[in-house]
Structures are given as C-alpha cells and as structure tokens.
Amino acid sequence: MKLTFDNQFTRSLPADPESGSRRRQVANAIYSRVNPTPVTAPELVAHSAEALELVGLGDVDANSEAFTSVFSGSKLLADMDPHATCYGGHQFGNWAGQLGDGRAINLGEIETAQGLLMLQLKGAGATPYSRTADGLAVLRSSLREFLCSEAMFHLGIPTTRALSLIRSGEDVMRDMLYDGNAQLEPGAIVCRVSPSFVRFGHFQMLAARQETPLLARFTAFVIDTQFPEVANATRNQSDKERVIAFFRAVCQRTATLMVHWMRVGFVHGVMNTDNLSIIGETIDYGPYGWLDDFDPNWTPNTTDASQRRYRYGQQPGIAQWNLMQLGNALVSLVEESGPLEDCLSEFATLYSEQWLAMMASKLGLARADEALVSDLLTNLASAETDMSIFFRTLADAPPHLAVEGAVKAALYNESDWRAVEEQWQQWAQRYALASTESGLPGDQRKASMNANNPKYVLRNYLAQLAIDDAERGDYGKTSELLDVMRRPYDDQPQYEAEYAGKRPDWARSRVGCSQLSCSS
Ligand code: AMP
Ligand code: MG
C-alpha cells in the first residue's frame with residue numbers, strides 16, 4: 001500500500017502528553033495519540049472507486065487482505081500518526097462540554113493531487129473521548145454514512161468522502177430505538193477522507209477552557225491550511241482582521257452548504273455544533289434523511305421528535321445559530337463582537353439571495369420572485385407531494401403545460417388532486433407568466449433544470465433495503481445503489497422503476513426508513 005504521509009496537523013499542533021484511550025479531560029491540546037483497535041476478521045462490504053483514485057490507490061485491490069487490514073485499523077503503515085481530536089459542542093441547543101472524537105481516529109494526512117487529505121477511521125475503537133461508549137459503529141449506520149457521503153459528492157455538494165466500508169467481524173451491542181431492547185449487531189468501520197475534520201466545536205472547546213493563546217494558534221493553523229484565500233487577502237492585516245475574514249468565509253461556506261441541502265431535500269438530523277464542519281462540508285451522517293413528500297417540518301431523527309429542532313425547514317436558521325456559537329468562541333480573538341455580528345447578518349442575506357437563485361434554477365427561471373417560490377412551497381406541503389419527482393417532472397413539458405402533470409406524478413394519493421387543483425392552477429398561471437418573463441430558452445430549460453433537480457436521491461428506504469441485504473451478507477444492493485447515485489442527475493432509465501419512484505407505503509413507518517435515532 002503506497003501512501004505518502006505528511007502529517008501537518010499533528011506536527012503543527014500541540015498533543016495531549018498522554019497517549020492511549022484512558023477516558024479523560026484533555027486541556028491545552030488539540031489531540032491525543034491513540035491507535036485503532038485491531039479486529040479479528042475484516043471483510044470488505046463496499047469501496048468507492050473514485051475515492052480510492054483520489055487518494056492514489058486506484059489500482060489497489062480493495063478486497064485484498066493488505067487493504068482490509070489497513071482500513072479496518074488492524075495494521076498501521078509507517079508514517080501514520082493515529083490520533084483523536086478534542087472538541088466540545090452544543091447538543092440540541094445545550095452546551096455539552098468536551099465531546100471529541102469518541103469513535104473516530106485520524107490516521108494521518110496523505111499527499112494527493114488535491115493537496116493533503118486526512119484519512120479517518122470511524123468505528124475503530126475507543127479513544128480518550130469515548131466517554132461511556134465503546135468507540136465502535138454498527139453496519140447499518142456505517143453503510144448509511146458510506147453511501148450518503150458518496151451520493152452527496154456526486155450531487156456536487158461539499159462533503160467528507162468515504163473510501164471504504166469494512167465489516168469488523170465482531171458484534172456490537174446497540175439499543176437501536178433506546179427502548180430497552182439492546183441487541184448484538186455486526187460492527188463496521190468506514191474510512192472517511194477530507195482535507196479537514198475540524199468542527200465548530202473545536203473552537204468552542206478552546207474558548208470554553210479560556211485557552212486563548214492556543215485558540216489563536218489553532219485558528220491561524222486552520223486559516224493557513226484550509227482558507228488560503230483568507231490568508232492571502234489578509235496578509236498585511238492584523239490578526240484580528242484575519243479572524244474576522246475567516247469567520248466571514250465560514251459563514252459563506254455554511255450558507256452555500258445550506259442552500260445545497262435545501263435544494264435536494266436533505267435533512268442532516270443532528271446539526272449540533274460538533275457536527276458542523278469548519279470548511280463547510282457535510283459531516284457526520286447519522287440519522288439523516290431525504291424528503292420524500294415535501295414537509296418542511298419533517299425530521300428523520302426520533303431522538304429529536306418532540307422539539308424537531310433539526311427539521312428540514314429550520315436548517316438554515318440552525319446553521320446561523322451554530323455560527324453564532326462559533327462567533328462567541330472567536331470573540332476573545334477579536335475583542336469586540338460587532339464585526340462578527342455583521343458577518344452573521346451577512347449570512348442571513350447571502351443565504352436568502354442564494355436560496356432564491358437556487359429555487360429559480362429549479363424552476364428553469366433566470367430569476368424568481370419570493371412570493372412565487374413561497375406559494376409553491378405552500379402548495380407542495382398542502383398534500384403529500386414528492387419533492388424530487390415534482391421538480392424533475394416539471395422539466396418534462398413547457399412551463400405553461402407542466403404543472404398539473406408534475407403534481408399528479410408526485411402526489412402520494414391521486415385522490416388529493418381535487419383538493420389542491422385550484423391552488424395549483426392559480427400557481428401554474430403565475431409560473432407560466434414568470435417563465436415568459438424570465439424563463440430559460442426552450443432548448444436550455446430541461447437540461448438546466450435537470451442539472452439542479454436530481455432524479456436519484458438516497459431515499460431512506462433505499463438505504464434500508466441495502467442494509468437488510470448487507471446484514472445477511474449480500475452486498476449487491478449496496479454496490480448497485482452506489483452506482484445509481486454516481487449519476488443522480490442523469491435519467492438512467494434502467495434504474496428508474498427501482499430507484500426513482502415514490503417511497504412505498506410499507507416504508508412509511510418502518511424503523512430505518514422513517515424513524516432513525518442517534519444510536520449507531
Ligand atoms: P454524534 O451525535 O454521533 O455526532 O456523537 C456525539 C459524540 O458522541 C461525539 O463525541 C462522538 O464521538 C461520540 N460518540 C457517538 N457514538 C459513540 C460511540 N459508539 N463510542 C464512542 N463515542 C461515541
Ligand atoms: Mg458527531
């Protein structure tokens with residue numbers, strides 16, 4: 001296995017003097033050295049050929065023992081520097097203190113054509129940050145993370161990548177719905193890849209401990225390595241101005257990410273501040289989900305069922321709340337809150353502008369007015385209407401004829417048409433008018449809309465079908481789904497019946513399809 005490591009993270013930042021997984025509070029350090037726990041019988045479930053290519057392992061056999069031993073954490077390569085990082089976070093709105101990489105172990109950074117990329121194993125055993133848990137992950141949640149990371153990437157949405165999914169050969173005890181029914185489940189390990197796994201919570205932890213010099217040093221490191229545009233633009237400015245520019249850039253990246261999630265109907269499910277990436281990637285796929293019928297109040301996370309804090313429609317607002325917590329953490333470096341507050345206001349404006357432009361692109365319009373879009377969303381929510389199918393079908397006919405067909409194709413109950421017909425007919429007239437005024441030319445319309453409206457998204461029930469098979473040792477569905485999700489904007493007629501349809505009725509209430517908890 002030929003990987004060239006250049007561990008700038010561990011080389012540049014202070015380590016916890018203690019190594020190993022003894023649980024502890026870790027002050028004045030960014031990370032603790034800890035090795036993955038070897039497993040007895042690693043077996044490849046799936047790999048991403050593109051991610052392998054990305055890390056320079058395009059010609060390696062992922063089924064080989066050489067591969068599975070390394071990417072299950074059973075064998076370390078020379079120059080790896082395994083470590084878990086220290087972060088805190090607000091969980092469901094409350095400050096939770098030190099959390100950290102409880103079941104993620106960074107192996108080190110490798111040199112690639114895209115710069116240094118960190119390899120990280122998730123589920124490879126205990127770390128100082130595992131608290132009362134085991135540091136392990138089960139097959140069902142690992143498979144969901146693996147598939148969704150790659151699906152997101154192919155949708156063109158910033159995300160951590162997934163290189164491989166390996167069964168550990170060991171069982172893990174989990175109480176899937178937190179209802180007192182713990183069971184043994186197959187364990188698994190995902191290898192994730194990203195330029196940086198730093199979260200908002202890393203900054204928050206340093207600020208909470210009032211380790212201001214280390215916070216300044218860490219922030220400078222993140223700017224230099226992950227925000228070269230900020231580093232360059234502020235070369236002759238003060239540290240304080242650099243931190244403000246950095247915060248502004250994080251706000252911008254986060255706004256862009258939220259617009260993407262809203263575009264494709266993705267619900268993260270656990271937008272705690274420790275699950276927001278500082279570089280604006282989607283990170284930590286847990287009880288996430290995709291809207292089938294358009295319902296802004298939907299969340300897949302049963303752990304959040306009463307509050308619905310992380311429901312689809314609230315994600316941009318929560319992102320801003322999380323950014324405010326990040327701003328609070330950075331304020332000691334800036335010494336005044338005004339400029340950071342300005343960035344938060346800019347986030348709101350930028351998000352709204354980008355969101356409206358995105359919605360216009362979904363409709364095949366050069367621009368859209370807010371009333372047209374908000375009335376569309378009201379209509380979509382007024383009867384069970386499949387979001388992906390509606391937008392995709394809208395491109396199949398010219399604007400003045402398209403709406404009725406799209407709604408009918410997307411309704412879960414055909415008989416609902418009568419109840420919503422009038423409001424849709426009214427909206428259709430306005431849409432036709434808007435299309436005359438600012439619609440894309442006929443020859444561009446469909447291609448442009450299709451490039452913004454995926455035909456294939458990783459609906460929860462599809463992932464669950466792959467999990468059912470994988471738990472029986474059949475990985476065919478997993479690799480087929482991965483293949484479908486490689487070209488989410490293409491028609492792929494051979495896959496249409498199986499993968500582009502509405503959620504079937506049986507999936508409406510099945511665990512794993514509509515109900516997911518944080519247990520993973
Ligand atoms: P999450 O909600 O998955 O983002 O996790 C929140 C915190 O719990 C993070 O610090 C995780 O590392 C930790 N955690 C989650 N599951 C486990 C586990 N099985 N073992 C150890 N730590 C865990
Ligand atoms: Mg997490």
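Is cysteine 343 buried or exposed, and at what relative accessibility?

1. At 1% relative accessibility, cysteine 343 counts as buried, where buried means under 20% relative accessible area, exposed over 50%, and partly exposed in between, with a 1.4 Å probe and protein chains only. This is a predicted model, in which local features need pLDDT of at least 70 and side-chain atom pairs count only at pLDDT 80 or more, while totals for chains, interfaces and linings use all residues. Residues are numbered from 1 along each chain as its sequence is written, chains are lettered from A and ligands numbered from 1 in the order in which they are written, and side-chain values use heavy atoms, with hydrogens and water left out.

2. The structure holds zero disulfides, a disulfide being a pair of cysteine sulfur atoms within 2.5 Å. The closest cysteine sulfur to that of cysteine 343 belongs to cysteine 251 and lies 5.4 Å away, too far for a bond. For cysteine 148, which is buried at 0% relative accessibility, the closest cysteine sulfur is that of cysteine 513, at 15 Å, again too far for a bond.

3. Helix 4 covers residues 139-154, helices being DSSP runs (H or I, at least four residues) numbered from the N terminus. Its 16 residues reach 23 Å from the first C-alpha to the last, close to the 22 Å expected at 1.5 Å a residue, a span taken as 1.5 Å times one less than the number of residues. Because 15 of these 16 residues are buried, helix 4 is largely enclosed by the rest of the structure. Just after helix 4, glycine 156 takes a positive phi of about 80°.

Key: Helices (H or I, at least four residues) and strands (E, at least two) are DSSP runs, numbered from the N terminus.
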